[in-house]
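Please keep the view open as you read.

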Amino acid sequence: MTVDKKGLLEKFPRSPDVLLALLHELQRANPQNYLTPEDLALAAEHLGLPLSRVRDAVTFYTMFSLRPRGKHIIRVCDSPNCHLFGAWSVVEEIKEFLGIEVGETTPDGLFTLELTSCLGACGVAPVMMVDDEVFGNLRPERVREILRRFKGEG
Amino acid sequence: MRRLQVLLCSGSACQSAGALELKKALVEAIAELGLTEEVQLVETGCMGPCELGPIVLVYPEGAYYVRVKPEDAREIAEEHFLKGRPVRRLLWAGPAPEPRTIPFFARQRKVVLANCGQIDPERIEEYIAVGGYEALAKVLTQMTPEAVIAEVTRAGLRGRGGAGFPTGKKWQAVREAPGRPKYVVCNGDEGDPGAFMDRAVLEGDPHSVLEGMAIAAYAVGAEKGYIYVRAEYPLAVKRLEVAIAQARKLGLLGPRIFDTDFSFDVELRMGAGAFVCGEETALIASIEGKRGEPRPRPPYPATSGLFGKPTLINNVETFANIRHIILQGADWFSQMGTATSKGTKVFALAGQVRNTGLVEVPMGITLRELIFDIGGGVPEGRKFKAVQIGGPSGGCLPESLLDVPIDYESLKQYGAIMGSGGVIVLDDSSCMVNVAKFFLEFTADESCGKCVPCRVGLRIMLGILERIVRGEGNEGDLSRLEELGKLIQTTSLCGLGQTAPNPVLSTLRYFRDEYLAHIRDKACPAGVCPDLIHYEVQPDLCRACDLCRRACPTGAAQGIPRHPPYRIVQELCIRCGACLEACPFGAVVKLPGRKG
């Protein structure tokens, strides 16, 4: 693992301004979608930054996690427009289907449920994103169908 | 011979509605019918009317298919592509209309969005075929940097990110600023809930932004540019990566562009989920790899920006306007719009309106034209109540102000802002106190915490609103909200805090009665706030079917089967609305006011 990560770091110039990109990459490389203490140390060492400065940035941005997460991250938009169109019923549906609360991960480590600010697909509200894929016009049946698909893929 | 051109919208909204499965089905159907040589299938960026997706536009007829499902692909291919008979049931507005005759399009004037939905954003050749990079060539070979700035200034273009600062003036300031190197930054951190025009441009016509940046770099004397895009927009990131690579390959980015002495390259930077990064000084900090916290201005980025160097920051839509100004001239541009707001503006229509999606209109048209003529008004059986314009930094305007022209000054005068151009239409089912509370929750959450007025002030305002919707407000609360709001506006460090009170202040100004109903009558007139409503059974409509009793989680709905009427015991009711949903006869009603 460590060897892999070292190789991954070499793609980045040793310049502090690439920190966010580097953290994104490290987080993606981890099957549990989070940044380990080791990752933070590696980033700090590679960029010649104090560890505190790396942690400072990590804790500011909502997309970085210091705790293990699922393989797939479900982000339900809870911005005003999606809210008007029933984002909460989508959240309820997912909670019931997966048996987890917002911010939690399923015991099989497959899904983490999160909320996100506007995904910019307001014309098809309510909207959610699973990993990099956006799904709109959500109804309870469609939510289940989508989650089953990701379950099937493992 | 290509007989037909089939444009398939693959913007994020259409993809989310299944455009990719549809594409697969169309490709298969076209191949099965042996039409691969005759039909050209092009994936384009956003066409505009997002709620009708996935959308397929077939030329030369201009047949506009909406809500097309993968199952429809075979029929369209066989009937239309093969036999030349458009499939009527899938067409928007009847038999094969020309898009421009549909009211949604008729009032629009597409400049920034001209290529969106018309070209394949992942092929630079298509952009070049419609005149792409001509403006950059003209600038580099025929114009001095000063002449470019003069043209942009004369056009009257103002920043489309929200504040409306004159673009030419900003360019001039960066050009004159001492220090090298200089940077050009594109703000693609479109975080305003309800705004998605920058996303559409980045996904549908990424080269127009790169070209605008290159022209700006030539004008201000920069050699390096950054595009900052939020991580919530993976498709925009991907298309930009493709566009940058293609432009580099053709020498349109990189050293000695068009064999001149001008060199310019662009680097893509991704955010990581922080609304405040849309503020320019916070965005700069984020590009530098730091916490995205704003800092006091001055110094402005024009003199001390990225890495402490002179930096030009413009919004995506602003950059996308540049090539049109260069090619068609400042006079052409400035004849669109009003005395102080020139050109067009892209708006994102959303909420309770028939046609949602992206529309581009000349500045100065009225809200009524935008919402009713283009948007088609609120859906059947509902009544227009308010329009929330400018996102969480904007305000809610009532029906009486629908004839206000949309320009920077007019909107500001009435307590809203142009902002990024998000327009959320609210009908009579919305509670304005709740809407204001919702926007404030958002900004209070997104406050970075650096300055006290924003961090603490917004929390206090939110606390007051939460009391009001629980029915625990008092009349002094309203003046307290106003006082606090004005204080936060004037003393916050950055635009986030300076505009965050707007939704509360504008609703207090135009919908004060609704606040008073919550406070004095303990009633939510729209029937939204759960603590200020109650449910009742209308005896004459009740058929004693027992469904409400079975649905009720607390035993509040009571009665005996076949012995109407049932009743709701207010002391037990938690106002969840399960009985209302369960009742097949419309006997359960939701009424404003607290009971029990």
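A crossing of two helices is called left-handed if the near helix is turned anticlockwise from the far one by less than a right angle, and right-handed if clockwise. Keep in mind as well that this is a predicted model.

With that in hand, turn to chain B. Helix 7 of chain B passes helix 10 of chain B in a left-handed crossing. The axes of helix 7 (residues 145-155) and helix 10 (residues 206-220) of chain B come within 7 Å and cross at roughly 120 degrees, which makes helix 7 of chain B oblique to helix 10 of chain B. On the side of helix 7 of chain B, the contact is made by Pro145(B), Val148(B) and Ile149(B), and helix 10 of chain B answers with Ile215(B), Tyr218(B) and Ala219(B). By class, this contact has six nonpolar residues, no polar and no charged.

Seven nonpolar residues and one charged residue make up the contact of helix 3 with helix 4 of chain A, with no polar ones.

Now for the interior. In soluble globular proteins, nonpolar side chains tend to be buried together. In this model the largest nonpolar core has 226 residues, and those with the most contacts inside it include Val127(A), Met213(B), Ile215(B) and Leu312(B). Helix 10 of chain B gives the largest share of this core, 10 residues. Which residues does Leu312(B) touch, leaving aside those up to four places away in sequence? Among them are Trp171(B), Val174(B), Val184(B), Ala216(B) and Ala302(B), together with Lys170(B). A second, separate core has 16 residues, including Val537(B), Leu547(B), Ala557(B) and Val588(B).

Finally, look at where the chains meet: 40 residues of chain B are in contact with 35 residues of chain A. On chain B, helix 1 (12-16), strand 7 (265-270), helix 12 (280-287), strand 9 (344-351) and helix 16 (432-446) each supply at least two residues of the side that touches chain A. The largest share, four residues, comes from helix 1 of chain B. Sorted by class, the residues on the side of chain B that touches chain A are 18 nonpolar, 13 polar and nine charged.

Notes: Residues numbered from 1 in each chain as written. Chains lettered and ligands numbered in written order. Predicted model: local features only at pLDDT ≥ 70, side-chain atom pairs only at ≥ 80, totals over all residues. Contact = placed C-beta atoms within 7 Å. Nonpolar A, V, L, I, M, F, W, Y, C, P; charged D, E, K, R; others polar. Axes fitted to C-alpha atoms, helices over the stretch in contact; angles between N-to-C directions. Parallel < 35°, antiparallel > 145°, perpendicular 65-115°, else oblique. Core = buried A, V, L, I, M, F, W, Y, C linked by C-beta atoms within 7 Å. Buried ≥ 20, exposed ≤ 12 C-beta atoms within 10 Å, placed from the backbone.
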